[in-house]
Amino acid sequence: MSTYKVGVLTDKNKVEIRELEKKQPGRKQVLVKVDSCAICTLEQRFYTGVMNRYPFAGGHEVAGIVEAVGEGVKSVASGDKVSIRLLTSCGECYYCRNGHENQCVLSFIAETHEGIGGPGGLSEYMMVEAKNIYKMADDMNLEYAALTEPLACCVHSIQNGDVQLGDDVVVIGVGIMGALHIQLAKLRGARVIACEVDDARLEVAKKMGADIVINSKNEDAISKVKELTDGRGADVVFCTVAIPEIGSDAVKMTGKVGRTVFYSSFHPDKPIEISPNKVHSTEQIITGSVNPQTKDFLISSRLLSNGIIDVSELISARVPFDKIDEAFQKAIDPSTYRIIVKF
Ligand SMILES: [Zn+2]
Ligand SMILES: [Zn+2]
């Protein structure tokens with residue numbers, strides 16, 4: 001019997017390596033040899049104990065090489081480089097049927113490894129349904145391909161923000177998500193203004209293509225945005241920071257018929273004050289963005305495969321699988337971008 005190793009979070013600050021039996025793919029299944037798995041906020045929450053449904057097989061930002069496919073698989077063949085979609089939807093609920101599968105009421109119940117809950121990307125091998133496999137370019141760097149999921153989340157957000165040619169777009173926060181928003185908004189033909197309190201991150205914003213950067217610790221971001229837009233306010237504001245007061249600023253700096261997109265999730269979810277009369281009179285739209293749809297994932301895989309989006313600056317370190325604890329330690333350090341676990 002041949003086996004493979006999988007990293008499982010079994011308690012706060014505890015990752016155990018388990019050995020499971022390696023199987024052959026069924027009709028519509030694909031066996032992937034994992035190359036890279038990035039550690040996202042979800043995994044960090046389990047590692048730090050904020051979320052505690054153990055055991056949890058983490059890892060949902062994954063890329064690798066197809067090792068074997070079932071006889072019913074048409075889209076990929078062994079040897080292909082692929083990215084895997086792991087936070088999937090049920091396909092049966094109301095929202096899955098009406099084209100909003102990112103609002104699925106049963107999502108994230110994936111169980112990739114027998115008997116262990118969780119997306120399971122921190123593993124040497126994965127067995128996945130062919131429909132959740134996205135073929136990447138032959139010359140694709142698989143570390144970059146592992147970031148298909150976070151980029152897909154931002155693609156969805158940009159669609160919700162409905163960024164148009166020539167728009168003035170504000171991106172608040174230049175973590176990895178803010179950085180990807182900047183690149184995508186530039187692709188849509190916007191002038192991008194990045195707001196951050198950290199100078200090093202404002203440098204990253206410039207590398208991502210931001211036209212103007214504002215250090216909101218040193219200057220009032222709302223009045224600066226108003227000044228830059230002849231008093232109108234921005235056409236679109238993306239809030240990628242989970243601070244309620246900043247969410248309130250995002251609404252205030254949005255101009256007439258503009259869109260405010262709450263990208264981050266808020267924990268705790270402290271309510272903010274919004275002027276209903278401003279919303280009434282400006283017709284501004286306040287919306288959010290949560291998880292990508294299937295199409296966003298496809299778009300993201302193409303943007304990466306074709307070299308349109310560059311994520312090289314957003315990988316802070318690569319750590320081998322046998323040092324997985326070190327990888328988590330690095331990932332929870334707020335000064336890092338993505339940490340990639342290598343297999
Ligand atoms: Zn993620
Ligand atoms: Zn569903």
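Are α4 and α5 oblique or parallel to each other?

## Helices α4 and α5

The model is predicted. In it, helix α4 covers residues 148-161 and helix α5 covers residues 176-187. Their axes are 9 Å apart and meet at an angle of about 55 degrees, and α4 and α5 are therefore oblique to each other. The crossing of this pair is right-handed.

On the α4 side, the contact is formed by Pro 150, Leu 151, Cys 154, Val 155, Ser 157 and Ile 158. These residues meet Met 177, Leu 180, His 181, Leu 184 and Ala 185 of α5. Sorted by class, the contact of α4 with α5 has 9 nonpolar and 2 polar residues, and no charged ones.

## Helices α1 and α11

From α1 the contact takes Glu 43, Gln 44, Tyr 47 and Thr 48; from α11 it takes Asp 325, Phe 328, Gln 329, Ala 331 and Ile 332. The contact of α1 with α11 is made up of 4 nonpolar, 3 polar and 2 charged residues.

## The zinc ion (ligand 2)

Four cysteines coordinate the zinc ion (ligand 2) through their SG atoms: Cys 90, Cys 93, Cys 96 and Cys 104. The distances are 2.3 to 2.4 Å. For four tetrahedral donors the ideal angle at a metal is 109.5 degrees. The 4 donor atoms around the zinc ion (ligand 2) subtend angles of 102 to 115 degrees, so the arrangement is tetrahedral.

Along the chain, the donors of this ion follow the spacing C-x2-C-x2-C-x7-C. Cys 93 is in the loop between β5 (81-85) and α2 (94-97), while Cys 104 is in the loop between α2 and β6 (125-129), so the pair ties together parts that are 11 residues apart in sequence.

## Backbone details

Most residues other than glycine have a negative phi, and most peptide bonds are trans. The residues below depart from one or the other pattern.

The peptide bond from Tyr 54 to Pro 55 is cis, with omega near -5 degrees. Pro 55 sits in the loop between α1 and β4 (61-69). Another cis peptide bond joins His 267 and Pro 268, where omega is about 0 degrees. Pro 268 belongs to the loop between β12 (254-262) and α9 (276-282).

Asp 230, a residue other than glycine, has a positive phi near 55 degrees. Asp 230 is placed in the loop between α7 (221-228) and β11 (234-239).

Technical notes. Residues numbered from 1 in each chain as written. Chains lettered and ligands numbered in written order. Predicted model: local features only at pLDDT ≥ 70, side-chain atom pairs only at ≥ 80, totals over all residues. Heavy atoms only, no water. Axes fitted to C-alpha atoms, helices over the stretch in contact; angles between N-to-C directions. Helix = DSSP H or I, 4+ residues; strand = E, 2+ residues; numbered from the N terminus. Parallel < 35°, antiparallel > 145°, perpendicular 65-115°, else oblique. Left-handed = near helix turned anticlockwise from the far one by under 90°. Contact = heavy atoms within 4.5 Å. Nonpolar A, V, L, I, M, F, W, Y, C, P; charged D, E, K, R; others polar. Donors = N, O, S within 2.8 Å, 3.2 Å for Na, K, Ca; no water. Tetrahedral: all angles 85-135°; square planar, octahedral: opposite > 155°, others 65-115°.
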